[in-house]
Amino acid sequence: MPALPYQHSDVFRISATIVVCLVFFVGFVAGTAAAAPDGKTITVTDNPTTETEVSDIHSALDHVADGGDIHIDASYDPAAEPELPIVIDQPVTITSATDDLTTINTPAETQKLFEITSSDVVLSSLEITSTDDANVDSDAVIATSEAEPMTDITLTDIVVNGTPSTGFAAYTSVDELTIHDSQFSHQGERAIVVDSAVDVEFKRNTVAAGLSVEIADIRPDNGGISIRDNTFATDTDLTVVIDSATDDIDAAVIADNEFSSSTHMEVDMPDCSTGELTLAPNWWGHQYGPDITTIAELTNPQHALSPDRNAATLSVTNATPIEVTPWYADQNLTTAVAPVENADQTYLGIQEAVDGASAEDEIQIHAGEFHSSVTVDSPVTLSGTSNHSLIRGAVNIATPADGADATLGTEPEIQMVNLRFNNSESKCGPVISAKNIKNKLYVKDCTIQSCYTPIVDIESESYVEFNNNLVRLTETRSDTVTDAPAIDIIHDSDIHISSNDIVSLRNEVITTGVSVTGTADSYISDNNIKNFSTGLYLDTGFSQISSSVFDSNHKALHTVSTARVVDSIFASSHEKAILAKHDRSLRLNGNWWNSTNGPGGVGEGDGDPIINKGDGEIELYDFATVVDVGNISPEIDFLGIERDPVAESEQAINFTGQNITYDPRDTGEPRPASGVIVIEIAGVEFTGELDSGSISNLTIDDPTESFDAADIDSGEVDITIPHTDLGPVDSITLLHEAHQSPESGYVPVSIPQPSAVYFDQTDPHTVTWNASIEEYQSVDLPINTGDIITGEPLNNGFYFHLSDANTRYGFSYATEPTDDESSINVSLEDGWNLVSTNYDVSSSNTVSVNQDLSGIEVSDSDTKYGDTDVVAYTVDSAKRLYADSTISSYSLYWIYVEDGATPVDRSIQTPVYDPDPGG
């Protein structure tokens, strides 16, 4: 058989494991495994030094003294045994004769190789392949007898392959059962099953897809169970029953394991009066931890995953207490977090942490979803994680009952920072409610969404700051129709509302955006308020509004206060920009009124009107018109419509610009612009900041949430400044999807369907594998040209040489049929072929190997080469792929075609991309 193709030196190296497997394979196919002299394949070592060579394990057991060693040579054949299974009826260690595993293939007429009837038995460094036979009852490869209890049974570095029902079974009670560093890779039902035991250690093992680990009746006697550092593949089950009816379990720890998102764990501890079940930390297949909604002992669990999120499920009954936090937030098991933390304490829910907090504590709420409301009755800080801590409920800041320790009446602050709230699923009152509080209140860097108004309802006697929040009023529901303001604040001390984005998403504009009433002053700056009946209502002592944007409101500002409005934008007010109904003064300076001629009404222009229905004086000074832009350009070349790692990770997309000037009417001379500026990309508006005519940090925070992929075509689009007479100021290319490389050097890239390919660097060096000459070769592809790549390149896997880590690349897919036929065939060469995924990525995230190969059947046989035509491996050559193995979008993998195989043709698909969101 030809060797595996060498890898490009800058791409990766062949794993040592594969080399070892190939060396073994060559010997296996040729049938040249050398026998030991005189057929003596087993060495028996009695304590301390006596050695005897025999040809079968039965004979070895006859020779060995209790506690001796049996070393099995690589040429051992179990067919030489007088009978199977081999009954181990005395203390002994059976292991490999070398530093490598000894491979044992059991005859087809039996699954069970070893039956253990004695205590103090060790099996190690053996790779056993057992084949299920229709005429043989399902059994375990290694099993204890169903006779007397035994002690000290150890399996270490054992590999089970083939198709047995079970890898290991303990049918009788075992005191001190240890299974370490083993792989249960067979295609059966169970990795291990333990009927009864004291002190079980299951560590550093690998459990293959579809297998279960079942450990029942773990008895007390100062015993326990430790399941640690194991890897559970897809669709695996872990069931543990700790039966301590007469005593207490000493320790139950299931930690540092890597569970797949489809793993299901069940733990039952009937009648345990004391002792703790520790299920932390583990990786549960998701950074937000397990789906724990089935834990009976947690009353009203406050942390749960939404039904559409994939995570390992956890069911626990009859156990208290239970410790499930922290858990690992990454699959590398490097960072352990709890849903909620305060000082050294971890909590599953927010209310538990608040109840246990002292004044001025900071409660850290990690990424995840919390399905309950919270009552805060002490001055604490609730701090989320990068706005990924989602509360599907409300926060009620409550005044302590009469006679209580009224810490809320003291100076310490109440803060809510970096949190997300979403109450759009039901009518449930305000998301944030605070009544008659005396503490300073800060709400900062939060995302707040609800279908019910008021969303924020604050009544305070102390200072309030509402800063840098995103507030969304979602579509009207029949039970949530109300004319209450989205944000309603009554205050008797100064209030600052700044840098917020407050938008109604309702088709019917029926409510006020922000209502501020009270006796003290209010300072409102750098806000974007959009799509309300009244954008801002003011009835306070004095109000200053600066550098804010009022867009698409019926009335932008309704004031009955003394107010000053400066450097703000009034855009597309359906009725009026400002309605003044008071006998006080209103000063307007340097604002944009949606026209180069200034405001209508009390003004002389044709822009959004100013209406005075009171006796107060309106002072209209210079108004602003954008007259010049020196330059404005994005710091990226393209932007993904449906997927973009920059946007999805909430890294801002920066723009640079300078010499942006306004022309005030009273001077007629341009002046540097400060305050806010709006840019438009593909009909979507984004707001940024200006400072003395230069853009220091004009950003788009998450365009993929704003673009409608079904309505926006890919390609180059203009960047404009709306509400001005200026033409385009720059352009940017919109792609369907953008991706980001985690590293520099050669990285694998798949082109799954007809598309133009872009990189944000000069045309990168590209190589692909030439199966005919078994070498990598350079290839020219139309990169950054907009030309659609189709045909045979859709079969090939490529490596692109990237000069920097985090280089972005993207795809603009064909949305109309290409000139190619709907399907073409590519013949795979004998030997190794590097292929890419080839299917409609807009309709599916994953497919099976056989579905992806379209016409090629990959073998499911355990035989790697020689007896089958086609086998598949992952791109790093480290893992065998089978017919139903899952292949994800943009993957590469190896296909080996045996010499002399019948023609192997792959049908290349050229689907049309469907840009519907969620496709």
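Residues are numbered from 1 along each chain as its sequence is written. Because the model is predicted, local features need pLDDT of at least 70 and side-chain atom pairs count only at pLDDT 80 or more, while totals for chains, interfaces and linings use all residues; side-chain values use heavy atoms, with hydrogens and water left out.

Between strand S82 (residues 870–874) and strand S85 (residues 892–897), the antiparallel pairing extends over five bridges. Val-871 has Tyr-896 in S85 as its bridge partner.

Rings of Phe, Tyr and Trp (its six-membered ring) were paired if their centres lie within 6.5 Å, with planes under 30 degrees apart counted as stacked, over 60 as edge-to-face and the rest as tilted. Phe-184 and Phe-202 are stacked, at 6.4 Å centre to centre and 25 degrees between the planes. Phe-184 lies in strand S13 (residues 183–184) and Phe-202 in strand S15 (residues 197–203), so this pair ties together parts that are 18 residues apart in sequence. Phe-184 is buried (under 20% relative accessible area, against over 50% for exposed and partly exposed in between; 1.4 Å probe, protein chains only), at 1% relative accessibility. Phe-202 is likewise buried, at 1%.

Definitions and conventions: Pairing = 2+ DSSP bridges. Helix = DSSP H or I, 4+ residues; strand = E, 2+ residues; numbered from the N terminus.
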